[in-house]
Amino acid sequence: MAGLWNWSAAERIEPERVRNALAGALERPVAELVEGQPDALLCDVYHVGGDFPTVIDVYLAPDSVAEETAASAVAVRLGVAVLVPDDTLNPSRYVCADPDGTLRPVHVEERETAEGAERRHVRPCTGADPACAAHPGCHRSRWRPVAAPERPAA
């Protein structure tokens, strides 16, 4: 088991719908934290403010599936974008799994609240974003910045 996955979805989604999408994507049972079914992934779903108000925590995530692949399949099933932490140490950088299954690097503004982290103002990671300069790592990620249409990436 890989441990914890922490995602955010771009709409307010009921926990049962999220768990069903996750179960379908991974072809295995998914339970609430309190249920504790044997061999089931444990999934906590709660809501915060921001542009990605549904937070999805998956415990005992499988090693056999890449996190981004699982998030992409869940995004397709839910029909909404899902943010996944990326492989940099840049706190504003994520991989966005779009509803069509596309994976792309993005930056987001994040604010801690009593309910949890609110994520807002998602924008493509172009290599020219001030967040790229503030925290190194975007160009070393396997999710390389994507050039803005009007100019090449740095």
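The questions and answers below concern the fold of a predicted model.

In this predicted model, local features need pLDDT of at least 70 and side-chain atom pairs count only at pLDDT 80 or more, while totals for chains, interfaces and linings use all residues. Residues are numbered from 1 along each chain as its sequence is written, and side-chain values use heavy atoms, with hydrogens and water left out.

Reader: Which pattern does the protein follow along the sequence?

Author: The protein has three helices and eight strands. Helices (H or I, at least four residues) and strands (E, at least two) are DSSP runs, numbered from the N terminus. Read along the sequence, they give β-α-β-β-β-α-β-β-β-β-α.

Reader: Over how many bridges do strands E3 and E4 pair?

Author: Strand E3 covers residues 41-47. Cys-43 stands opposite Val-58 in E4, and His-47 stands opposite Thr-54 in E4. The two strands pair in the antiparallel sense, and the number of bridges is six.

Reader: What residue takes a positive phi in the hairpin of E3 and E4?

Author: The hairpin has six residues between the strands. The positive phi is near 95°, and the residue that takes it is Gly-50.

Reader: In what sense do strands E1 and E4 pair?

Author: Strand E1 covers residues 3-9 and pairs with E4 over six bridges. Ala-9 stands opposite Thr-54 in E4. The sense of the E1 and E4 pairing is antiparallel.

Reader: Why is strand E4 largely enclosed by the rest of the structure?

Author: Buried means under 20% relative accessible area, exposed over 50%, and partly exposed in between (1.4 Å probe, protein chains only). Strand E4 spans residues 54-61 and has eight residues. It is largely enclosed because the number of its residues that are buried is six.

Definitions and conventions: Pairing = 2+ DSSP bridges.
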